[in-house]
Amino acid sequence: MFEISVAELLRTGRWEGELTHTKADGTQVVVASRWSLQHDERQGPLATLELNNDITERKRAEGAMRRQANLLEQTHDAIIVWEFSRKIIFWNRAAEQLYGYSRGEAIGRDSHELLQTEHPLPTPVFEAELEREGEWKGELTHTARDGRKILVESRHVLVREVDGRRLVLETNRDITERKQTQETLQQAH
């Protein structure tokens with residue numbers, strides 16, 4: 001990578017990228033690096049100005065986020081993360097399969113509007129309870145892309161980010177068939 005960086009620096013006069021540096025104590029840090037080639041009076045290369053910004057913690061956090069997102073992709077439950085304004089910011093594969101909307105179609109949409117969510121409580125009461133308690137568990141009815149009504153066992157957890165954002169981690173398990181079977185058995189008795 002260093003050779004490519006020098007070649008680009010000599011060709012364009014600039015280079016930007018990430019590097020790993022070893023500190024005096026032997027620990028390694030990842031830096032966002034910007035280089036600018038300084039020229040002499042005959043436009044020959046004279047020196048390089050290098051600016052580095054330590055991004056080690058950000059890279060660790062991004063890696064942890066990728067690992068967590070990968071774990072969320074492994075579950076059979078539909079997992080949706082939305083900002084308290086209801087704008088969807090995460091939509092896993094199980095949500096794609098259950099509801100019929102691709103990740104690209106769901107991200108940025110209002111979750112209640114997209115799924116035509118039917119709460120057991122009026123939406124403002126539901127959201128106030130979630131805000132007050134920090135979580136909510138119960139059954140919801142959603143409408144899939146193809147118009148099917150899906151009954152889900154749902155859990156919502158409110159997460160308060162350090163930047164002030166409020167995110168909701170919503171986990172939904174399809175219980176439509178189970179409920180229909182229970183109703184059929186109750187009617188038979």
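## Overall make-up

The protein has seven helices and eight strands, where helices (H or I, at least four residues) and strands (E, at least two) are DSSP runs numbered from the N terminus. Its radius of gyration is 25 Å, well over the 16 Å that the globule rule gives for 189 residues, so the protein is more spread out than a compact globule. The radius is taken over C-alpha atoms, and the globule rule is 2.2 Å times the number of residues to the power 0.38. Along its principal axes, the C-alpha trace spans about 95 × 35 × 30 Å.

This is a predicted model, in which local features need pLDDT of at least 70 and side-chain atom pairs count only at pLDDT 80 or more, while totals for chains, interfaces and linings use all residues. Residues are numbered from 1 along each chain as its sequence is written, and side-chain values use heavy atoms, with hydrogens and water left out.

## Surface and contacts

Buried residues make up 33% of the 189 residues. Buried means under 20% relative accessible area, exposed over 50%, and partly exposed in between (1.4 Å probe, protein chains only).

Among contacts between residues at least 6 apart in sequence, 35% join residues at least 24 apart. A contact here means heavy atoms within 4.5 Å.

In soluble globular proteins, nonpolar side chains tend to be buried together. The largest nonpolar core has 22 residues, of which Ile80, Trp91, Tyr99, Leu114, Leu115 and Leu130 touch the most other members. Strand 4, strand 5 (88-91), helix 3 (93-99), helix 5 (111-115), helix 6 (123-133), strand 6 (135-143) and strand 7 (149-160) each supply at least two residues of this core. A second, separate core of seven residues includes Leu19, Val31, Trp35 and Leu37. A nonpolar core is a set of buried Ala, Val, Leu, Ile, Met, Phe, Trp, Tyr and Cys residues joined through side-chain atoms within 4.5 Å.

Tyr101 sits in the loop between helix 3 and helix 4 (103-106). Its relative accessible area is 13%, so Tyr101 is buried. Beyond four places in sequence, Tyr101 is in contact with Trp91, Glu96, Leu114, Leu115, Ala144 and Arg145. Tyr101 and Leu115 are 14 residues apart in sequence, and their C-alpha atoms are 9.6 Å apart in space.

## Helix 6

Phe126, Glu127 and Leu130 are buried in helix 6. They cover an arc of only 95 degrees around the axis, which puts them on the same side of the helix; the arc is that of the directions from the helix axis to the C-beta atoms. Pro124, Arg132 and Glu133 are exposed on the other side of helix 6.

The cover over the buried residues of helix 6 includes strand 4, helix 5, strand 6, strand 7 and strand 8 (166-174). Leaving aside residues up to four places away in sequence, Leu130 touches Trp82, Phe84, Glu135, Trp136, His156, Leu158 and Val168. Just after the helix, Gly134 takes a positive phi of about 85 degrees.

## Polar contacts

A polar contact is a pair of N or O atoms within 3.5 Å; within protein, one must be able to donate a hydrogen and the other to accept it, and residues adjacent in sequence count only if both atoms are side-chain atoms. Asp77, in the loop between helix 2 (56-74) and strand 4 (78-83), is buried at a relative accessible area of 13%. Its side chain makes a polar contact of 2.9 Å with the side chain of Arg173. Apart from residues up to four places away in sequence, Asp77 touches Asn92, Ala94, Thr171, Asn172 and Arg173.

Ser36 belongs to strand 2 (residues 28-39) and counts as buried at 17% relative accessibility. The side chains of Ser36 and Gln38 are joined by a polar contact of 3.4 Å. Thr27 is in the loop between strand 1 (14-22) and strand 2, and counts as partly exposed at 38% relative accessibility. The side chain of Thr27 makes a polar contact of 2.7 Å with the side chain of Asp25.
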